[in-house]
Amino acid sequence: MGKEKLITVTDTRRKERIQEILAFHGIPYSVRIKQVYPRNLFDNSMMGGAGGNTVKYNYIFYVEKSVAERARELVQAAQG
């Protein structure tokens, strides 16, 4: 069976909450972590900035297609 993207979050607390929900309900998942470098126009090297751009992360959750709808319902119920 293939995997399906469930949700992408940037907040570590939301990431941990989603992990708790999926684990509690016995839904296997995987998380891909992607670094994101947001541009800070006021800290541009051409403007003499000190290089203070911060690194942020996207946490991308994947679940099996067979449980994707159930996982989506559980995550949405917990958020709203």
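Colleague: How many residues does helix α2 have, and how far does it reach from its first C-alpha to its last?

Modeller: In this predicted model, helix α2 covers residues 68–79, which is 12 residues. Its span from first to last C-alpha is 17 Å, close to the 16 Å expected at 1.5 Å a residue.

Colleague: Which residues of α2 are buried?

Modeller: Ala68, Ala71, Leu74 and Val75 are buried in α2. They lie on the same side of the helix, because they cover an arc of only 130° around the axis.

Colleague: And what does the face turned away from that buried side carry?

Modeller: That face of α2 carries Gln76 and Ala77, which are exposed.

Colleague: What do the buried residues of α2 pack against?

Modeller: They pack against three elements: β1 (3–9), α1 (12–24) and β3 (56–64).

Colleague: Let us turn to the two helices. At what angle do the axes of α1 and α2 cross?

Modeller: The axes cross at roughly 130° and come within 10 Å of each other. The angle therefore makes α1 oblique to α2. The crossing is right-handed.

Colleague: Which residues make the contact?

Modeller: From α1, the contact involves Arg14, Arg17, Ile18, Ile21 and Leu22. From α2, Ala71, Leu74, Val75, Ala78 and Gln79 take part.

Colleague: Now the whole protein: in what order do the elements run from the N terminus?

Modeller: The order is β-α-β-β-α, with 2 helices and 3 strands in total.

Colleague: What percentage of the residues in the protein is buried?

Modeller: Of the 80 residues, 21% are buried.

Methods. Residues numbered from 1 in each chain as written. Predicted model: local features only at pLDDT ≥ 70, side-chain atom pairs only at ≥ 80, totals over all residues. Heavy atoms only, no water. Helix = DSSP H or I, 4+ residues; strand = E, 2+ residues; numbered from the N terminus. Expected span 1.5 Å × (residues − 1). Buried < 20%, exposed > 50% of the residue type's maximum accessible area, 1.4 Å probe, protein only. Arc of directions from axis to C-beta. Contact = heavy atoms within 4.5 Å. Axes fitted to C-alpha atoms, helices over the stretch in contact; angles between N-to-C directions. Parallel < 35°, antiparallel > 145°, perpendicular 65-115°, else oblique. Left-handed = near helix turned anticlockwise from the far one by under 90°.
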